[in-house]
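These are my notebook entries on one chain. I wanted to look up its nonpolar packing, some helix contacts and a few backbone angles.

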Amino acid sequence: MLGGVDLVAPLDRPAPVPPLTDHGAVVTTPGPFPRTRRAAVEECAVITVFLVDDHEVVRRGVADLLDAQDDLEVVGGAGSVAEALARIPALRPQVAVLDVRLPDGTGIELCRELRSRMPELACLMLTSFTDEQAMFDAVLAGASGYVIKDVRGNDIVNAVREVGSGRSLLDGRAASALMNRFRTRTEAPDPLAELTAKEREVLGYIGEGLTNREIGQRMFLAEKTVKNYVSALLAKLGMQRRVQAAVLANKVKSEETG
């Protein structure tokens, strides 16, 4: 079970999704064939996902959960680092859901290697245990999010959507553990001392999980301008990924309000 969702899937894949219905009626398009669910939503942005977990039952269960959504499509799966490195660059999904522990390495190492080959890939770490060091290393490796396996099925679906749309995501326990980890590090009295007022404002919005476009709308700036601010503040903070900046922003905010 995964958050109340039965992960035990039959060996045979489910039958094709029936034609889309409106109040029980089949929706048709000109021609002899009814419109399928995928065709009905092909105009919408579909997020492609690749799953990496060494437990096939878990992999199939998560695949069924995600494939049941109109805007998500699982394009493949793997049970090891080697298999994932061979298949993911060929399939080029938008999101890779990675288990932290794999038989021939770790999801963290896999995330780092994939991100070096495919900078546009969003990696979501999915694991059954809470390990502050692993969470911290995952963020440094370029992961866009970290979710514990015992969350509800809908939370995993929403997490994939979040990272697939360019947002950073950490569930409550992961965020708390990472902020604790940051507190134990030796830092300058004010880690934001070198940032300009605009860069600090952008950092705050990054902490809220906003995309560059959403930040631009809040600050009345072009998306390209926001991207330049993000690049500048990451360089000043010695960071590579915006999720690292998001963790720092939330840490600073909690200290200011605490």
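I began with the largest nonpolar core, where a core is a set of buried Ala, Val, Leu, Ile, Met, Phe, Trp, Tyr and Cys residues joined through side-chain atoms within 4.5 Å. Of its 25 residues, Val 52, Ile 88, Leu 98, Leu 110, Met 125 and Tyr 146 touch the most other members. Two or more residues each come from strand 3 (47-52), helix 3 (81-91), strand 5 (95-99), helix 4 (107-117), strand 8 (122-127), helix 5 (132-141) and strand 9 (145-148). I take helices (H or I, at least four residues) and strands (E, at least two) as DSSP runs, numbered from the N terminus. Another core lies apart from this one and has 23 residues, including Ala 63, Leu 65, Val 95 and Val 147.

The model is predicted: local features need pLDDT of at least 70 and side-chain atom pairs count only at pLDDT 80 or more, while totals for chains, interfaces and linings use all residues. Residues are numbered from 1 along each chain as its sequence is written, and side-chain values use heavy atoms, with hydrogens and water left out.

Next I looked up helix 8 (residues 197-207). Its buried residues (under 20% relative accessible area; exposed is over 50%, partly exposed in between; 1.4 Å probe, protein chains only) are Glu 199, Val 202, Leu 203, Tyr 205, Ile 206 and Gly 207. Just after helix 8, Gly 209 has a positive phi of about 85°.

What does helix 8 pack against at about 95°? The partner is helix 10 (residues 223-237), with the axes 10 Å apart. Axes are lines fitted to C-alpha atoms, for helices over the stretch in contact, and angles run from 0 to 180 degrees between N-to-C directions. Helix 8 is therefore roughly perpendicular to helix 10 (65 to 115 degrees; under 35 is roughly parallel, over 145 roughly antiparallel, the rest oblique). In contact (heavy atoms within 4.5 Å) are Lys 198, Glu 199, Val 202, Leu 203 and Ile 206 of helix 8 with Tyr 229, Val 230, Ala 232, Leu 233, Lys 236 and Leu 237 of helix 10.

Helix 8 also packs with helix 9 (residues 212-219) at about 125°, axes 10 Å apart. That pair is therefore oblique.

Arg 92 has a phi of about 50°, sits in the loop between helix 3 and strand 5 and is partly exposed at 45% relative accessible area. Phe 220 has phi near 60°, lies in the loop between helix 9 and helix 10 and is exposed at 78% relative accessibility.
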